[in-house]
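I opened my notebook for a friendly walk through this structure. Here is what I looked up, entry by entry.

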Number of protein chains: 2
Amino acid sequence: MIVQKYKDMLQGKSVIRQLSEFATARGQEIGYENVFDFSLGNPSVPVPQEFTDVMIRMLQEKNPMELHGYSQSLGIPSVRDKVAASLNKRFGMNYTGNHIFMSTGAAGAIAHAVRCVAQPGDEVLTFAPHFPEYAPYINLTGAVLKVVPADTENFQINFEAFEEMLSEKVMAVLINTPNNPSGMVYSTETVKELARIMEEKQKQYGHDIFLISDEPYREIVFAGVDAPYPSKFYDNSLSCYSFSKSLSLPGERIGYVAVNPKCTDADIISVMCSQISRGTGHNCPPSIIQLAVAEVLDLTADLSVYETNMNILYKELTDLGFECVRPGGTFYMFPKSPESDAIAFSEKAKKYDLILVPSDSFGVKGYFRIAYCIDTEKVERSLEAFRRLMKENY
Amino acid sequence: MIVQKYKDMLQGKSVIRQLSEFATARGQEIGYENVFDFSLGNPSVPVPQEFTDVMIRMLQEKNPMELHGYSQSLGIPSVRDKVAASLNKRFGMNYTGNHIFMSTGAAGAIAHAVRCVAQPGDEVLTFAPHFPEYAPYINLTGAVLKVVPADTENFQINFEAFEEMLSEKVMAVLINTPNNPSGMVYSTETVKELARIMEEKQKQYGHDIFLISDEPYREIVFAGVDAPYPSKFYDNSLSCYSFSKSLSLPGERIGYVAVNPKCTDADIISVMCSQISRGTGHNCPPSIIQLAVAEVLDLTADLSVYETNMNILYKELTDLGFECVRPGGTFYMFPKSPESDAIAFSEKAKKYDLILVPSDSFGVKGYFRIAYCIDTEKVERSLEAFRRLMKENY
């Protein structure tokens, strides 16, 4: 019989998707160039030409049976080796290829990492504000996601609430830095304190507590911002990465889990992931994309537009009186709504063709998210709309 | 803490993989061209040139943000429409794009289809001999796989055993025609009888029983063989397809679920699949591969080599006294072992550099699988080894 659990999920429609659909419909009326659509976190800059060139060269020159052949479920060994070497060089780690599990983006990485360390009924903690998809990602494994209230001062970590919620039932803590939706990057001080508390609780409870670090925005960090690599500070770390944002390849579904070589059972976690994969549909990333990405590991798309856009918006919005913590990375910012009801504010903004996502689905009330992964020219044109919105309503 | 269930799975090493590793090692000693490696079901013919040309053209001409952009979790709408149209034309069905869910190969398709219709604790039936991976595919969803004993007469269906095992707890029946490992294709008569029994039991139990039809070998059917499209005979059908074998693209992880438009909740099953996907890691197939496959839907690689190889092997093996049902498709055959212990037989065959998989892991004893997806020239050279194996041992 049709399984009711998934049927029921069809009722809940994502606010972000609804706003995006509104923007598309409105665009058909007035031209999409006139809709200031800040709803979706889609990269707005193309993949590096080097990636395209590598793809074409492989298609022209490689034996198609090798090129399109089965990858091991863990990923192609040469690709895993290259990922390990790149991370070691950049972050001073000691990964080998055996610590890397290639996955379908960060979502795929999290799906495997959580199943490695949390059983049905176990708790996984994350911090508000958080990516709304964490709820289905975690809860559909059978584990239970609990959300630690936000540190609304600076969107680092509310350590008091964290310590209180870090009970014996918690098997993993899921962080996301640089953060969607706040744009904040955890400082070295924050990561150290997080690690200290988790280590203390591991000793107290006598079991591992894993840090699952979701890092799709790792390469989008703005000038002068302290952006530590979390796994360096805590042994029981599983880093979940995606090339979606760094290389502007979201549709090609490629990322990885990097298992800290010092964590418990470090040498078997990636093979455990390949066992888990048998139940989730042998969804290792496509061979050709694995091979192509391995050739451009240390490149990114031209990500500078995101910092340009942030600077323009941050200056204008703070001038207009918005309270906002200055983003350290990503392509999001998360100002305080000028009225406590962010949903009402988002509705008002729509009248100025400003599409802004209210914060409620991110686990905190009274803020809104601006996804400024759009052309700078459009960002500049949006400023007048923000001015009118504020002047005529607040 | 590390989840023991997946850790335990690391102990069980696949017999097929062990034999394949033996073949590789032996190849390093005597040259791989001298090892008659019939262990793995990997396509041995290249993807059609049209696929490569389409890929290159898209990389050269398409806007990279569109080409590599997010696909909907259900798949790209234009691709789903084209898959539906192709199936309608070939099999006289009435699919629309809404009945198609794009998946990471047949494994991904099965992972979603099973979760749609079977809850933890429910039973799923399949038939021996069967692809060994069905056990983890099904059991890791929480449902329980039960195997109906083989019809060893002709590897169709043992209906008596099936009716007995089709209890009220069974929510789905998983078939695989053309079949790995037997190479047999279910006749129209077999499919009709299967459908009749399932319909009767649906009425008796008052709940749906879904037919999940795993069809990666659908395009590899030999001359004159009756190969019905199962979904045409039973409304509650979910067809699971992969392009791995038909287009020789196993590493690119692309396939689909096609939901029979007449089945219960037909219009929501593909969207349910996209909800399930949130928990399994948003593993929709890569955008560029979806778009390229959609342009070559009615093409296949040159699959004729498989029939050539089958004819050569079937003639020689039956001449040598092997009992074997003549395969109707795939690139497998499944002769009876000349001694009841197929594992012992496989060991003896290794001494002649013949790598043959004993049938035990396929759910039946006393047979062996030959995966003849290798060059015809090598198949011909293998005949002498078969002759010596038989002459010197039996």
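**Entry 1: the shared surface.** I began with where the copies meet. In this predicted model, 100% of the interface residues of chain B are also interface residues in chain A, so the copies meet through the same surface. I counted 72 residues of chain B in contact with 72 residues of chain A, contact meaning heavy atoms within 4.5 Å.

**Entry 2: ground rules.** I noted that residues are numbered from 1 along each chain as its sequence is written, with chains lettered from A and ligands numbered from 1 in the order in which they are written. Because the model is predicted, local features need pLDDT of at least 70 and side-chain atom pairs count only at pLDDT 80 or more, while totals for chains, interfaces and linings use all residues; side-chain values use heavy atoms, leaving out hydrogens and water.

**Entry 3: symmetry.** I laid chain B on chain A and got an RMSD of 0.0 Å, with a turn of 180° and a shift of 0.0 Å along the axis. That is the relation of a two-fold axis. The superposition is by least squares on the C-alpha atoms of residues with pLDDT of at least 70 in both copies.

**Entry 4: buried area.** How much area is buried between chain B and chain A? I read about 5900 Å², with carbon and sulfur atoms giving 64% of it. Buried area here is the accessible area (1.4 Å probe) that two parts lose on being put together, summed over both.

**Entry 5: pairs across the interface.** I found 30 residue pairs in polar contact between chain B and chain A, both residues at pLDDT 80 or more. A polar contact is a pair of N or O atoms within 3.5 Å; within protein, one must be able to donate a hydrogen and the other to accept it, and residues adjacent in sequence count only if both atoms are side-chain atoms. On the side of chain B that touches chain A, α10(B) gives the largest share, 8 residues. Helices (H or I, at least four residues) and strands (E, at least two) are DSSP runs, numbered from the N terminus. By class, that side of chain B has 40 nonpolar, 23 polar and 9 charged residues. Ala, Val, Leu, Ile, Met, Phe, Trp, Tyr, Cys and Pro count as nonpolar, Asp, Glu, Lys and Arg as charged, and the others, Gly among them, as polar.

**Entry 6: salt bridges.** I listed 4 salt bridges between chain B and chain A, each a side-chain nitrogen of Lys or Arg within 4 Å of a carboxyl oxygen of Asp or Glu. A:Glu133 pairs with B:Arg278, the closest N and O atoms being 2.6 Å apart. A:Glu133 lies in the loop between β3 (123-127) and α7 (134-139) of chain A and B:Arg278 in helix α10 of chain B, so the pair joins two chains. B:Lys7 and A:Asp265 also meet in a salt bridge, at 2.7 Å from N to O. A:Asp265 sits in the loop between β8 (255-259) and α10 (266-280) of chain A, and its phi is near 55°, a positive value in a residue other than glycine.

**Entry 7: cis peptide bonds.** I checked the bond from B:Ala128 to B:Pro129 and found it cis, with omega near -5°. B:Pro129 is in the loop between β3 (123-127) and α7 of chain B.
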